Amino acid sequence: MNPAKAYAAYSADAPLGPFQVPRRDVGPEDVQIAILYCVVCHSDLHHVRNEWHGTVYPCVPGHEIVGRVTAVGAGVHRFRVGDVAAVGCMVDACHSCGNCKDGLEQFCSNGPVFTYNSPDKHTGGVTYGGYSESVVVDQSFALSVSPKLDLAAAAPLLCAGITTWSPLRHWGVGRGQKVGVVGLGGLGHMAVKFAASFGAEVVVFTTSPGKVADAIKLGAHQAVVSTNADEMNRHLNSFDFILDTVSAQHDLNAYLPLLKRDATMVLVGAPEQPLPVSAFNLIFQRHRLAGSLIGGIAETQEMLDYCAAEGITSDVEIIPIQKIDEAYERMLRGDVKYRFVIDMASLGR
Ligand code: NAP
Ligand code: ZN
């Protein structure tokens, strides 16, 4: 085991602070990465504050990781020392169940091992995420990021990117379709970029009037302030697809009537409490309400390659790790444009 500098949450209501994580020795199938950038996802905040329950403290969050390879095992041929490599939300899965065989490791029947707060078979403890100077990962969960991309701005593709790409692809969003994106945060702004690049007509629903102009700059054709009932009513029965990225309590019943007959609204946002749904909003017009969880590894690589080819990255604000608690508070206020990225050099290597 090798100790690595990190930042951890010690409880649900204390600020994060320095911590040392035990990183395993590099095994034959392993890639060791010196982390350059790790992103702040709202899921980190849900975990740190134990909003989804089951957080094991100390908890080192971070599942959008980009860095440089510092060592590889004898069986690793896809990566060499010095390469750019990335890690997303998962670090292991069984590789043998039907879901893994279908390339959907996020639905592994034996439980995907998430990048943090999951049981770690190597240490007997839990996995520790990317708010750290390094990580060691099985090569099948290491991803390639084109060095042509700005690496800090590419890092959010590892979660915000794949989590929005996957449902947009799965539900076949493209040209000729009207697509809604609810919530313009980290996930939402990537959904806008992808849906627009797939040729869809994109409408953003935001609670923040100050984000309307940004939504258009990001590629949306229209932005609606969702508290304005008149504006909302103008879109009744008109959407082919709606992606809901909201992290907190909100009214799904405001959006379901905006779907066309047989159209689908997909939740990727994961608020702490259940969201009530009126049956009438599904029964009439045969609407569908669905969910989606990150994406598989092959699909994540496909998304990263698409972003390299199309020059798509995230809009980011770089912060030192010492500002992590302030970043969480700003994220809660919707004051993030549109992803905080931690410069890991700030850990003081
Ligand atoms: P974020 O950057 O904080 O964005 C969330 C956005 O939701 C905010 O910017 C805000 O947009 C809107 N919002 C916040 N509070 C609201 C409220 N009370 N009512 C209405 N709208 C509100 O968060 P994120 O990192 O994009 O993550 C979004 C959610 O997705 C989180 O719950 C996260 O855990 C979840 N997530 C799920 C997956 C998955 O696999 N399904 C993966 C990653 C993250 P406006 O200012 O535009 O209204
Ligand atoms: Zn995330």
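Let me start with Gln106, which is found in the loop between helix H2 (98-101) and strand E7 (113-114), where helices (DSSP runs of H or I, at least four residues) and strands (runs of E, at least two) are numbered from the N terminus. This is a predicted model, in which local features need pLDDT of at least 70 and side-chain atom pairs count only at pLDDT 80 or more, while totals for chains, interfaces and linings use all residues. Residues are numbered from 1 along each chain as its sequence is written, chains are lettered from A and ligands numbered from 1 in the order in which they are written, and side-chain values use heavy atoms, with hydrogens and water left out.

Gln106 is buried, with a relative accessible area of 3%; by buried I mean under 20% relative accessible area, by exposed over 50%, and by partly exposed in between, with a 1.4 Å probe and protein chains only. A polar atom of the Gln106 side chain lies 3.4 Å from the backbone oxygen of Leu293. That is a polar contact, meaning a pair of N or O atoms within 3.5 Å, where within protein one must be able to donate a hydrogen and the other to accept it, and residues adjacent in sequence count only if both atoms are side-chain atoms.

Now to the ligand. Which residues come nearest to ligand 1? Of the 30 residues around ligand 1, they are His42, Thr206, Thr207, Ser208 and Arg339, where a residue counts as near if one of its heavy atoms lies within 4 Å. One of these, Thr206, is found in strand E10 (residues 201-206), and at 2% relative accessibility Thr206 counts as buried.

The backbone also takes part in polar contacts with the ligand. An oxygen atom of ligand 1 lies 2.8 Å from a backbone N or O atom of Leu184, an oxygen atom of ligand 1 is 2.9 Å from a polar backbone atom of Gly186, and a nitrogen atom of ligand 1 is 2.9 Å from a polar backbone atom of Val268. Taken alone, ligand 1 exposes 920 Å², of which the protein buries 89%; accessible areas come from the Shrake-Rupley method with a 1.4 Å probe, and for residues, only the protein chains shown count as cover. The elements that give two or more residues to this shell are helix H1 (42-48) and helix H5 (186-197), with H1 providing the largest share, three residues.

By residue class, the shell divides into 12 nonpolar, 16 polar and two charged residues, where Ala, Val, Leu, Ile, Met, Phe, Trp, Tyr, Cys and Pro count as nonpolar, Asp, Glu, Lys and Arg as charged, and the others, Gly among them, as polar.

The peptide bond from Tyr57 to Pro58 is cis, with omega near -5°, and Pro58 lies in the loop between H1 and strand E4 (65-72). Another cis peptide bond joins Lys337 and Tyr338, with omega about -15°, and Tyr338 is found in the loop between helix H10 (324-332) and strand E16 (339-343).

Positive phi values occur in residues other than glycine at Gln285, near 70°, and at Ile294, near 25°. Ile294, in the loop between E14 and helix H9 (297-310), is buried, with a relative accessible area of 8%.
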